[in-house]
Amino acid sequence: IVMSPLAIAIYKQLRRRVRARREDPTLTYAELANTLDYRHATHPCSPRLHAVLTDVTEACKQQGLPCLPAIVCRADNHRPSSGYYKVAHPRAQTEEAQLAAWEREYARVIREADTFPTSLP
């Protein structure tokens with residue numbers, strides 16, 4: 001996976017967030033979009049933002065890292081959007097299985113926060 005400039009910016013923002021706020025690194029899609037500078041401005045519901053989060057998830061998986069986008073959630077239910085599960089946990093078919101897989105991944109992100117490299121290849 002070749003990381004776009006937006007994917008690199010999002011990865012770096014999520015890495016900073018999880019290292020700085022280990023107790024609760026969660027942020028909403030809107031909060032994430034608002035943290036990006038003018039060069040990467042995007043709407044929280046933009047397909048572009050969600051595609052880039054998919055790229056970051058895939059890059060983390062390729063490197064054997066926890067899926068860092070697990071900390072990004074919807075404001076209404078405090079869980080990732082459906083697209084997250086399709087990429088990060090494709091075998092989790094039921095809502096219960098998806099929730100359990102996400103909770104494990106979220107805990108792993110926090111537990112392994114120091115393992116995220118400065119950048120992904």
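**View 1. The exposed face of helix H5.** Glu96, Arg104 and Arg111 are exposed residues on the face of H5 that points away from its buried side. Keep in mind that this is a predicted model. H5 itself runs over residues 95-111, 17 residues in total. From its first C-alpha to its last it reaches 24 Å, close to the 24 Å expected at 1.5 Å a residue.

**View 2. The buried side of helix H5.** Here we look at Gln98, Ala101, Trp102, Glu105, Tyr106 and Val109, which are buried in H5. They sit on the same side of H5 because they cover an arc of only 135 degrees around the axis. As a reminder, an α-helix has 3.6 residues a turn, so residues three or four places apart point the same way. And what do the buried residues of H5 pack against? Their partners are helix H1 (5-20), E2 and H4.

**View 3. An aromatic pair of tyrosines.** Searching the whole structure turns up two aromatic pairs. One of them joins tyrosine 84 and tyrosine 85, edge-to-face, at 5.3 Å centre to centre with 75 degrees between the planes.

**View 4. Histidine 78 and its positive phi.** Most residues other than glycine have a negative phi. Histidine 78 is not a glycine, yet its phi is positive, about 55 degrees. You'll find histidine 78 in the loop between strand E2 (72-73) and helix H4 (82-88). Histidine 78 counts as exposed because its relative accessibility is 55%, and the cut-off for exposed is over 50%.

Conventions
Residues are numbered from 1 along each chain as its sequence is written. This is a predicted model: local features need pLDDT of at least 70, side-chain atom pairs count only at pLDDT 80 or more; totals for chains, interfaces and linings use all residues. Side-chain values use heavy atoms; hydrogens and water are left out. Helices (H or I, at least four residues) and strands (E, at least two) are DSSP runs, numbered from the N terminus. Buried means under 20% relative accessible area, exposed over 50%, partly exposed in between (1.4 Å probe, protein chains only). Rings of Phe, Tyr and Trp (its six-membered ring) pair if their centres lie within 6.5 Å; planes under 30 degrees apart count as stacked, over 60 as edge-to-face and the rest as tilted. The expected span of a helix is 1.5 Å times one less than its number of residues. The arc is that of the directions from the helix axis to the C-beta atoms. Contact means heavy atoms within 4.5 Å.
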